[in-house]
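Have the structure open while you read.

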Amino acid sequence: IIPKMIKENPTELSNWWGELKNLPLERMLNSKKTSTLFALKEKLCHPKTLLIENLEEFKNFRPLKDITEWIARAAYSTAGNGVFRLCHRDFFDDKKVKTLKKMMADSPIVLEPYLKRVLDIGIVVNLKSPLNYSITENFVTEGGVFKGGLIYENKEDLKKKINKRFGNISLIEESIEKIASYYSGLGAENFIQIDSFFYNEKGKIKYYPLVEVNYRKTMGLFLRSMKRFLPERGVGGWYFFS
């Protein structure tokens, strides 16, 4: 069944790949505001991440001079929509500021330094058994748009690859349990997807545990369902081309 995207009014998408059983709850669970507030509290995001909830807070924001680029993400956007890269001077450019203000009329924004990602990963978590997770290696554009991913028939193969390059698979599993417990407490059921990545900062590889949580049918869940077509120890790819 191919779902259709419909608009009840020009500014709000009302139908997306969620269960659509309890829309207020589902919107809250899918919101980047929800995930960012939790990430800030538990130190699962970059320390200079900010949640800007209204125009007054934005007017009072002054970009740090030692950060050359920022990324702004609308709290209720999906699939890389509502994502903007901003250099220092853009915050003083009337046209760019007008775009951000327009975006903030409908949504808070997450504002943080633009980081040099070296590996994007998506983690599909079964909330009934959090460590029974699947993990995909994702391809994401510099602007934050998902362009495909790799799924490994044997999850251990990707874990070994990550351990060999970064040695941080234990950090991933510690974060999974903490995030899963929090979202279950909010009312999430069955599956969530956690987006995270490794990045290079001043020559050191670091792990960013929680970019956002998606409580809906995601491309990671789709890739997980395709595992059954893989041979033993196989790797499958799914790609979007312009």
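This is a predicted model: local features need pLDDT of at least 70, side-chain atom pairs count only at pLDDT 80 or more; totals for chains, interfaces and linings use all residues.

Leaving aside neighbours within four places in sequence, Ile121 is in contact with Ile135, Thr136, Asn138, Ile162, Ile172, Ile194, Asp195, Ser196, Phe197, Phe198 and Tyr207.

Zoom out a bit and you'll find that Ile121 is one of the residues with the most contacts inside the largest nonpolar core, along with Ile123, Ile162, Ile172, Ile179, Ile192 and Ile194. That core has 36 residues. As a general point, nonpolar side chains tend to be buried together in soluble globular proteins.

Now for the whole chain. How many helices and strands does the protein have? There are seven helices and twelve strands. The radius of gyration is 18 Å, close to the 18 Å that the globule rule gives for 242 residues, so the protein is as compact as a globular protein of that length.

Here are some overall values:

| Property of the protein | Value |
|---|---|
| Box filled by the C-alpha atoms, along the principal axes | roughly 55 × 45 × 40 Å |
| Accessible surface | about 13,800 Å² |
| Distance between the mean positions of the 40 positive and 29 negative charges | 3 Å |

Finally, 45% of the 242 residues count as buried, and 54% of the accessible surface belongs to carbon and sulfur atoms.

Methods: Residues are numbered from 1 along each chain as its sequence is written. Side-chain values use heavy atoms; hydrogens and water are left out. Helices (H or I, at least four residues) and strands (E, at least two) are DSSP runs, numbered from the N terminus. The radius of gyration is taken over C-alpha atoms; the globule rule is 2.2 Å times the number of residues to the power 0.38. Buried means under 20% relative accessible area, exposed over 50%, partly exposed in between (1.4 Å probe, protein chains only). Accessible areas come from the Shrake-Rupley method with a 1.4 Å probe; for residues, only the protein chains shown count as cover. Lys and Arg count as positive and Asp and Glu as negative; His and the chain ends are not counted. The place of a charge is taken as NZ of Lys, CZ of Arg, CG of Asp or CD of Glu. A nonpolar core is a set of buried Ala, Val, Leu, Ile, Met, Phe, Trp, Tyr and Cys residues joined through side-chain atoms within 4.5 Å. Contact means heavy atoms within 4.5 Å.
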